[in-house]
Structure formats: C-alpha cells, structure tokens
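Open the model in your viewer and keep the selection panel at hand. The stops below go from one selection to the next.

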Amino acid sequence: MASIPPQFWLWTAVALGAFSVVYWRISQGQIETRRSQVMAKQRAIALTLGPKIVPFREQVEGWVRELAAGWPGDFVDPSASLEKISTSPGVYFRLRMSNTSSVKAIRSAARSSLHDGFTSCLFVRVGAPDPTKGPACRVTADCVSGLLCNEWSACSEPPRPYNMRLAYRALRVLSSDWTDEVHEADTELGLNAYDRDLDSVAKRDVPVAIELLSRSRYFTLVLDEDPAGGVPPEAPDAGETNDERVQREPHAARIGIWDLKTQSPLLRLKADANGQFVPVGDRVVQNPETLAAEQRQTNSCALALSVRDALSKEAATPTP
C-alpha cells in the first residue's frame, strides 16, 4: 500500500466522485421522467372523468355552505314524498357544523361521513347485504369487479344511499394534496405506487361513483351542531373521535334534502338529536365502546324520525 503513488488515490477519488454525480443525474432524470408520466396520466383522468363528477361535488359543497349559513326556518316542499325519498337511490353526507368553514375543511371532514343510525332509520334497503361481512380490503382494487371497498374496509355492493365519503375518496387523485405528494416522492418505487393508485381509481372508484351519482334521485345532508357546552369529553375506554362524541351527546342538527334532478330543496329541518336507548333482555351491556355507539345510533335515529314526521305531516296536510 505504501508503494502506491498518492496520485492513484486522488484519481480514484475523482473517478468515484464523477461516477456518483453521473449516476445521480441519470437516476434523477429517470425519476423526473416517471413523475412526468404519472402527472400526465392524472391530467388525462381529470380531463375525461373530472367533468362528470367534479361539478356534483361542487354542487354538494354549495348546499353544505347554504345549510350551514343563517337559519331561515324549517321548510318542507308539498311535493316531497317520504316513500320516494326513503326508497329511491340517493346520496348521503354528514359532518359537523364546525367543519363547514371552508371547502378544504369540508373535504377533509368527508372522511368521517359514515352510514349510521340516521340512514338506518330513514332509508329502506330491502334485501341489501350486510356491508360488514364482505372480504377484507384496503382499496377498491382489492375487490372483484362490481364491489366497492366501503367504510368498514370490506368489499360490498355500492351502498344505498351512496355515501358522499366514497365520492371524495375517488376524487382524491385529482386533489392538490395528492399532486403535492407526487412531487415530493423521491424514488421510482414510490412513483410506481402513485401510478397504480391512479389506475385503480380510474378503472374502479370513479366510474362507480359516476354511475351511482347519475342514478341518484335525492341528496340528504346532516350537519351536527356542537352541544351548548362544546365538544363533550371522551367517554372512558370508548375510543371516540370528536365527531362521535358530538353525536353521542344531545345536540341540535340541521337536515337538508334536495331533488337532484331539479336541484331544488325538498326539506330543511332543524331537530334535536336526543334519543333514549332502552335495552331489552336480561343481558346488560357494560362495554363502554358499545354503550357509546348505542347512544350515538339512538340520537341519530331520533333525527331520522323527526324527518319522517315532518314529511308525513306535510303529506297529511290537505291541499287548499
């Protein structure tokens, strides 16, 4: 080693440095090429599928802001039919009033919109399969054709009413957040994952969303107002989110129903989500998580019964 000239080590270091720079430039060039391909595919999806679903999302967000604005009073259109609303294909969306301050807040809160006691007590789903019993999934690509990966992470038939949360999930690949993530990806492997995500959404999620939204007749929106004392404390061992804690406590909520064909309001109602759960049988449930869930569903069902009463009274009112 001592006999090797120092110049050898110098040129070796230079060669290794040059190789590293060239390799890095080639690697970065490949990554940028792959990134450009992914972004080009996203733009193509936005041009072909975006116009079919984005306007519906914007219409829904407009109705959310309208219902969250100053309350003008209850309203029921004389043509509103409880039977049609409860049995026809529709779209459902639920979120807290505090999450309606901006479009970004609405879209972020959409991840928490789930089927609940309100949908169970208002809508009629004859012969619908149990949505929790399908094969496990993470994304719709894990399911066979015709099934969606629902909010219970199970492959199931498209729900009735269609949950707006699923439409927002399908549109996530067109969002600025998704674009920012692609630009921040620094490996070709990571970009390949985003490319597969695009393929899955374009082939499954978005087409199903477009079909269901086009067939839906009514849009139902529920906005939960926080209780007078603010968001209640979490029940011990209940594992609740802030939205679930609000739904567990007695509170007021705003309900709106629109006719999607005419884009006109059919019902605007402010009611109390304050139900009483009465256990039946000898077995007494003690699990805090189950008790909290029962109270949430009871309160939500009370809201649905208020809507049923309002629609039934309007139908019973004789036309002058």
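Buried here means under 20% relative accessible area, and exposed means over 50%, with partly exposed in between. Keep in mind that the model is predicted.

Start with Asn-299, in helix H10 (residues 288-316). Its relative accessibility is 1%, so Asn-299 counts as buried.

Next, select Asp-226 and Arg-96, whose side chains form a salt bridge (3.1 Å, N to O). Asp-226 sits in the loop between strand E6 (218-224) and helix H9 (242-248), while Arg-96 is in strand E2 (residues 90-96), 130 residues apart. Arg-96 is buried at 9% relative accessible area, whereas Asp-226, at 31%, is partly exposed.

Move on to Asp-259 and Arg-217, a salt bridge with its closest N and O atoms 3.2 Å apart. Asp-259 belongs to strand E7 and Arg-217 to the loop between helix H8 (188-215) and E6, so this pair ties together parts 42 residues apart in sequence. Asp-259 is buried, at 7% relative accessibility.

Stay on strand E7 and follow the chain into the loop between E7 (251-259) and strand E8 (264-273), where Gln-263 is found. Gln-263 is not a glycine, yet has a positive phi of about 55°. Most residues other than glycine have a negative phi.

Finish on the surface by selecting Asp-177, Asp-180, Glu-181 and Glu-184, which gather in a patch of negative charge. Of these, Glu-181 lies in helix H7 (residues 176-184) and is partly exposed at 37% relative accessibility.

Conventions. Residues are numbered from 1 along each chain as its sequence is written. This is a predicted model: local features need pLDDT of at least 70, side-chain atom pairs count only at pLDDT 80 or more; totals for chains, interfaces and linings use all residues. Side-chain values use heavy atoms; hydrogens and water are left out. Patches are made of residues with over 30% relative accessible area and no salt bridge: like charges are joined within 9 Å, nonpolar side chains (Val, Leu, Ile, Met, Phe, Trp, Tyr) within 5 Å. Accessible areas come from the Shrake-Rupley method with a 1.4 Å probe; for residues, only the protein chains shown count as cover. A salt bridge is a side-chain nitrogen of Lys or Arg within 4 Å of a carboxyl oxygen of Asp or Glu. Lys and Arg count as positive and Asp and Glu as negative; His and the chain ends are not counted. The place of a charge is taken as NZ of Lys, CZ of Arg, CG of Asp or CD of Glu. Helices (H or I, at least four residues) and strands (E, at least two) are DSSP runs, numbered from the N terminus. Buried means under 20% relative accessible area, exposed over 50%, partly exposed in between (1.4 Å probe, protein chains only).
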